Amino acid sequence: MDAVQLIITICLYIVSIVISLLLGMTSRRFNPESIRLPVAFHLILLFLALVFALIFQGHAISQYMILFSICSGLSLSGWALRNTYLKRPLKIYFGLFLFTVPLFLWSPSLLFYSISGNYGHYRPEQEFRLQSNYFLVEQQSMLHTGMEPVKYKVIRKYGIYNKTLARDLDFRKRLVAVELVRLSEDTLVLEGRLETGQSSRLGVKPGMKKNKITRKPVNS
């Protein structure tokens with residue numbers, strides 16, 4: 001997706017969460033039946049999103065309609081769950097939009113690709129286990145120009161928290177396998193096997209105790 005679409009998607013999603021929280025906290029002050037009009041508006045958006053998805057598949061107008069319908073449903077979710085007018089099926093329906101929050105925490109890129117109608121362009125990042133909780137992970141950007149070089153980073157996983165030890169590792173091509181040659185406080189050496197069948201060895205000084213990363217030459 002382009003930069004404008006990405007910014008709109010992120011901002012609209014965050015605003016929708018805030019609105020959902022505010023409506024959920026203040027919903028008791030409203031007449032229970034006053035939710036009918038916002039729900040009807042959301043359902044119309046959802047219907048139009050489905051129609052445009054069939055007619056203008058992959059077009060920007062279709063993608064924005066999907067985004068608006070999902071964010072409108074998320075905005076109403078807090079209010080809907082506390083509303084006494086809506087029937088249980090509708091409450092369950094709107095409650096499902098809140099599952100986007102754990103998805104956001106787990107994989108923001110997957111969420112933003114999905115709610116913006118760009119799921120077909122999503123590709124899971126490559127991940128290679130080096131040892132224990134050390135991993136080599138592909139660096140990805142949601143802004144695609146078709147000319148991005150393939151780069152990797154080394155992370156150490158602590159549950160949902162990851163510590164980046166080295167980033168912007170360039171093996172020249174996409175990897176199909178990688179082997180950890182050496183890992184210590186001041187040396188990280190990796191040998192990757194490329195799609196071409198060749199091998200590429202790369203060494204860096206990892207940021208075990210500091211964020212600054214400096215490259216360290218390694219003889220192949």
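Select Glu191 first: in this predicted model, Glu191 is partly exposed, with a relative accessible area of 24%. In general terms, side chains of opposite charge can pair when their charged atoms come close.

**Second stop: Glu127 and Lys157**

Proceed to Glu127 and display Lys157 with it. A salt bridge joins Glu127 to Lys157, and the closest N and O atoms lie 3.1 Å apart. Here too distant parts of the chain are linked: Glu127 belongs to strand E1 (residues 127–131) and Lys157 to strand E3 (residues 152–158), 30 residues apart. Are these two residues buried, partly exposed or exposed? Glu127 is partly exposed, its relative accessible area being 40%. Lys157 is partly exposed as well, with a value of 25%.

Is Asn133 buried or exposed? Its relative accessibility is 18%; the limit for a buried residue is under 20%, so Asn133 counts as buried. Show the side chain of Ser132 next. The side chains of Asn133 and Ser132 are joined by a polar contact of 3.4 Å. Which residues does Asn133 touch, once those up to four places away in sequence are set aside? They are Ile155, Arg156, Lys157 and Tyr158.

Now move to Glu33 and Arg36, whose side chains meet in a salt bridge of 3.8 Å, N to O. Glu33 is partly exposed, with a relative accessible area of 40%. For Arg36 the relative accessible area is 46%, and Arg36 is also partly exposed.

Select residues 3–26, which are helix H1, together with residues 108–115, which are helix H6. Two packed helices are described by the angle between their axes and the distance between the axes. For H1 and H6 the angle is about 100°, and the axes are 10 Å apart. The two helices are therefore roughly perpendicular to each other.

Which residues meet where H1 packs against H6? To view them, show Thr9, Ile10 and Tyr13 in H1, which meet Leu111, Phe112 and Ile115 in H6. The residues of this contact divide into five nonpolar, one polar and no charged.

**Last stop: the whole chain**

The protein has six helices and eight strands. From the N terminus on, the elements run α-α-α-α-α-α-β-β-β-β-β-β-β-β. Of the 220 residues in the protein, buried residues make up 35%, and Asn133 is one of the buried residues. Among contacts between residues at least 6 apart in sequence, 48% join residues at least 24 apart.

Terms used:
Residues numbered from 1 in each chain as written. Predicted model: local features only at pLDDT ≥ 70, side-chain atom pairs only at ≥ 80, totals over all residues. Heavy atoms only, no water. Salt bridge = Lys/Arg side-chain N within 4 Å of Asp/Glu carboxyl O. Buried < 20%, exposed > 50% of the residue type's maximum accessible area, 1.4 Å probe, protein only. Helix = DSSP H or I, 4+ residues; strand = E, 2+ residues; numbered from the N terminus. Axes fitted to C-alpha atoms, helices over the stretch in contact; angles between N-to-C directions. Parallel < 35°, antiparallel > 145°, perpendicular 65-115°, else oblique. Contact = heavy atoms within 4.5 Å. Nonpolar A, V, L, I, M, F, W, Y, C, P; charged D, E, K, R; others polar. Polar contact = N/O pair within 3.5 Å; in protein donor to acceptor, adjacent residues only side chain to side chain.
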